Amino acid sequence: MLAAMLLAALALTASGTPARADRCEDIAKELKAQVDGVKIGITTGKTIYLSHPLAREFSLGCRGANFSNELYVKADRRKPKPEFFQLVASAGAIVFTIPKPDVLTGSTRCISRMGLLRGDSVKMRFRRLNMECTRTRNEAAIAITRGKDE
């Protein structure tokens with residue numbers, strides 16, 4: 001009886017941690033299959049680095065302290081092209097399982113709010129997603145997360 005309980009407990013703990021990594025890798029594979037030009041790079045800890053011709057940096061973060069998933073995309077110019085926003089919308093729709101137009105609207109609003117009045121860093125919430133946009137002299141970036149409790 002004791003041996004059966006130990007085996008059951010061992011099976012539960014052993015199967016608990018790989019499921020998170022597998023889910024994250026599954027999302028990365030979905031991104032590669034559904035978004036043209038996405039390539040999967042190296043995986044370090046809880047982050048999978050991706051690449052795309054429209055993005056200078058592109059990564060998928062998995063299960064942090066305060067979020068369930070994170071999508072980080074950096075453009076190579078201060079004011080990104082519409083194709084960049086389409087990339088963010090396509091990836092965000094897959095990662096967060098919400099409609100693509102919602103992610104497109106939120107990311108466009110976030111990046112367009114940066115300017116003289118609000119500065120070069122904007123945090124906003126749109127459709128239960130937390131968006132943080134930053135820019136420097138040469139590039140703009142957006143990080144999209146969803147809280148663990150949502």
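Mentor: Start with the overall layout. The protein has 3 helices and 7 strands. Along the sequence they follow the pattern α-β-β-β-β-α-α-β-β-β. Keep in mind that this is a predicted model.

Trainee: How many of the residues count as buried?

Mentor: Of the 150 residues, 40% count as buried. The protein exposes about 9,000 Å², and carbon and sulfur atoms supply 55% of that.

Trainee: Why is H52 called buried?

Mentor: Compare the value with the cut-off. Buried means under 20% relative accessible area. H52 has 12%, so H52 counts as buried. H52 lies in strand β2, residues 47-52. Leaving out residues up to four places away in sequence, H52 touches D36, G37, V38, F58 and L87.

Trainee: What makes the pair of H52 and D36 a polar contact?

Mentor: The distance is one part of the test. A polar atom of the H52 side chain lies 2.8 Å from the backbone oxygen of D36. The cut-off for a polar contact is 3.5 Å. The pair is within that limit.

Trainee: Which residues have the most contacts inside the largest nonpolar core?

Mentor: They are L31, F58, L60, V73 and I142, in a core of 37 residues. Helix α2, residues 82-96, gives the largest share of this core, 9 residues. Now take V73. Beyond its neighbours within four places in sequence, V73 is in contact with A55, E57, F58, F84, L87, V88, A140, A141 and I142.

Trainee: E57 is on that list. What makes E57 and K74 a salt bridge?

Mentor: Check the distance from N to O. For E57 and K74 it is 3.3 Å. The limit is 4 Å, so the pair counts as a salt bridge. The pair links distant parts of the chain: E57 is in strand β3, K74 is in strand β4, and they are 17 residues apart.

Trainee: Are these two residues buried or partly exposed?

Mentor: One of each. K74 is at 12%, under the 20% cut-off, so K74 is buried. E57 is at 38%, between 20% and 50%, so E57 is partly exposed. Both also belong to a network of salt bridges with R56 and E139.

Trainee: How do you know that R78 and D120 form a salt bridge?

Mentor: Their closest N and O atoms are 3.9 Å apart. That is within 4 Å, so the pair passes. R78 sits in the loop between β4 and α2, and D120 in the loop between α3 and β5, 42 residues apart. R78 has 30% relative accessible area, so R78 is partly exposed. D120, at 36%, is partly exposed too. By this rule the protein has 7 salt bridges.

Trainee: What makes β5 and β6 a pair of strands?

Mentor: Count the bridges. A pair needs at least two, and 6 join β5 to β6. The two strands run antiparallel. They form a hairpin with 2 residues between them. In the turn, R127 has a positive phi of about 50 degrees. K123 stands opposite E132 in β6.

Trainee: Which side chains of β5 point to the buried face?

Mentor: V122, M124 and F126 point there and are buried.

Technical notes: Residues are numbered from 1 along each chain as its sequence is written. This is a predicted model: local features need pLDDT of at least 70, side-chain atom pairs count only at pLDDT 80 or more; totals for chains, interfaces and linings use all residues. Side-chain values use heavy atoms; hydrogens and water are left out. Buried means under 20% relative accessible area, exposed over 50%, partly exposed in between (1.4 Å probe, protein chains only). Helices (H or I, at least four residues) and strands (E, at least two) are DSSP runs, numbered from the N terminus. A nonpolar core is a set of buried Ala, Val, Leu, Ile, Met, Phe, Trp, Tyr and Cys residues joined through side-chain atoms within 4.5 Å. Contact means heavy atoms within 4.5 Å. A polar contact is a pair of N or O atoms within 3.5 Å; within protein, one must be able to donate a hydrogen and the other to accept it, and residues adjacent in sequence count only if both atoms are side-chain atoms. Accessible areas come from the Shrake-Rupley method with a 1.4 Å probe; for residues, only the protein chains shown count as cover. A salt bridge is a side-chain nitrogen of Lys or Arg within 4 Å of a carboxyl oxygen of Asp or Glu.
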